[in-house]
Amino acid sequence: MKALVYQGPGQKDWIEKQKPELEKPTDVIVKVTKTTICGTDLHILKGDVPAVTPGRTLGHEGVGVVESVGSAVQNFKPGDAVLISCVTSCGKCANCKRQLYAHCSDGGWILGHLIDGTQAEYVRIPHGDNSLYPIPQGSDEEALVMLSDIMPTGLEIGVQYGRVKPGDTVAIVGAGPVGMSVLLTAQFYSPGRIVMIDMDASRLELARQFGATDTVQVGAEDPVEKIMEWTEGLGVDVAIEAVGVPATFDICQKIVSAGGNIANVGVHGKPVELHIEELWIKNINISMGLVSTNTTPMLLKTLRGGKVDPSKLVTHRFKLDEILEAYEVFGNAAREKAMKVILAA
Ligand SMILES: NC(=O)c1ccc[n+]([C@@H]2O[C@H](COP(=O)([O-])OP(=O)(O)OC[C@H]3O[C@@H](n4cnc5c(N)ncnc54)[C@H](O)[C@@H]3O)[C@@H](O)[C@H]2O)c1
Ligand SMILES: [Zn+2]
Ligand SMILES: [Zn+2]
């Protein structure tokens, strides 16, 4: 079979590789029908995630059809259509028991990281019963691919950890696929105002189409000044960081109101300066974490009920074997006006 393989910093190849086989009774082999590329894959390719070793197949998102199941798998059989979660979980360990699948003792984010991932014709999913979700007949597969990672990330780490409530003023810093997923899922809770902050004018335009009430273009406008002007000096109820650099965390700590929440979603590679000398008196909460995808069943229901349409995040489509071209487009997202790319087998 063919797979997109990490070959060391800056190097990737679409090469022939051995088809995965069942290794444990709880494994499921899935034939990938649709997958995508995540910003995290670009981080890996830069060499920022040293746990990923050369030879690793990348990708942690996708949908497919069950090819074979191990003897202990009860929920799936060959031919079933499935959604692959970016987080693998046994469902039995202490952390899984409290739905903290991100910290499963025999799972977590391992796909396309510690084991071979979904940017391939076939993928082995450990603990298939708990790490796959059945897809109803006739579902929009492109929308479902957004439910592998970015939609649960936006909902869990941005919206739920940020405790978004009806009427709230919410600011989202970063209008990439994750920030956009925060924007879409925040609307479940009817915030009064949602401000999107980014430097990319075309992403901000898209954010307005997706429900942002206001936008601030970093570089042309000062986000802190703008927010303070709009909120009469109070700041926002929820400030959500969806970039992963010190400058954007700093915006969040400057715009959060008394009693508010800072929800950090971005993956940081460097320390940030926490202004505790200004924040201690403001009765705020700061949260952060890795997605657990425990909200996937809820997201599947909102999708089925037409309450959210994540397929609008898809801007480009390719065949699976055009994946190198897709990386080129996704890797130059601003120039290409790309948000999410779909690769179809
Ligand atoms: N916590 C989790 O479980 C989890 C899961 C998935 C992704 N992430 C992280 O979420 C973050 C966002 O992911 P993404 O795929 O949307 O990334 P992305 O790179 O596509 O989007 C980031 C956006 O931030 C904007 N930006 C960059 N610097 C800025 C600045 N100084 N001010 C304002 N905007 C700025 C960019 O223009 C871009 O639109 C990443 O750090 C990613 O690793 C976290
Ligand atoms: Zn991802
Ligand atoms: Zn577990």
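Q: Let's start with the whole chain. How many helices and strands does the protein chain have?
A: Good place to begin, and please keep in mind that we are looking at a predicted model. There are 13 helices and 15 strands in the protein chain. The radius of gyration is 20 Å, close to the 20 Å that the globule rule gives for 345 residues, so the chain is as compact as a globular protein of that length. Along the principal axes, the C-alpha atoms fill a box of roughly 60 × 40 × 40 Å.

Q: What share of the residues counts as buried?
A: To answer that, we count neighbours: a residue is buried if 20 or more other C-beta atoms lie within 10 Å of its own. By that test, 49% of the 345 residues of the protein chain are buried. Another way to look at folding is through contacts along the sequence. Among contacts between residues at least 6 apart in sequence, 69% join residues at least 24 apart.

Q: Which domains does the domain assignment give?
A: The assignment gives two pieces of chain for domain 1, 2–149 + 292–344, while domain 2 covers 152–288. Their centres, taken over C-alpha atoms, are separated by 27 Å. Where they touch, domain 1 contributes 17 residues and domain 2 contributes 14 residues. On the side of domain 1 that touches domain 2, there are 7 nonpolar, 5 polar and 5 charged residues.

Q: Where does UniProt place its domain features?
A: These come from an unreviewed UniProt entry, which lists "Alcohol dehydrogenase-like N-terminal" at residues 24–136. In the model, the span 24–136 is 14% helix and 25% strand, and its end C-alpha atoms lie 27 Å apart. For residues 177–298 the figures are 36% helix and 24% strand, with the end C-alpha atoms 20 Å apart.

Q: How many residues surround ligand 1, and which are the closest?
A: A shell of 30 residues surrounds ligand 1, and the closest are Gly39, Gly176, Val178, Gly244 and Val267. Sorted by class, the shell has 17 nonpolar, 9 polar and 4 charged residues. Several elements supply at least two residues each, among them α1 (39–46), α5 (150–160) and β9 (193–198). The largest share, 3 residues, comes from α6.

Q: Why does ligand 1 lie between domain 1 and domain 2?
A: We look at who gives residues to the shell. Domain 1 and domain 2 both do, so ligand 1 lies between them.

Q: How far apart are Asp250 and Val272 in sequence and in space?
A: In sequence they are 22 residues apart, and in space 7.8 Å, C-alpha to C-alpha. Asp250 is found in helix α9. With 17 other C-beta atoms within 10 Å, Asp250 is partly exposed.

Technical notes:
Residues numbered from 1 in each chain as written. Chains lettered and ligands numbered in written order. Predicted model: local features only at pLDDT ≥ 70, side-chain atom pairs only at ≥ 80, totals over all residues. Helix = DSSP H or I, 4+ residues; strand = E, 2+ residues; numbered from the N terminus. Domains from an automatic or database assignment. Contact = placed C-beta atoms within 7 Å. Nonpolar A, V, L, I, M, F, W, Y, C, P; charged D, E, K, R; others polar. Near = placed C-beta within 6 Å. Buried ≥ 20, exposed ≤ 12 C-beta atoms within 10 Å, placed from the backbone. Rg over C-alpha atoms; globule rule 2.2 N^0.38 Å. UniProt positions renumbered as here; feature names shortened; annotations may be inferred.
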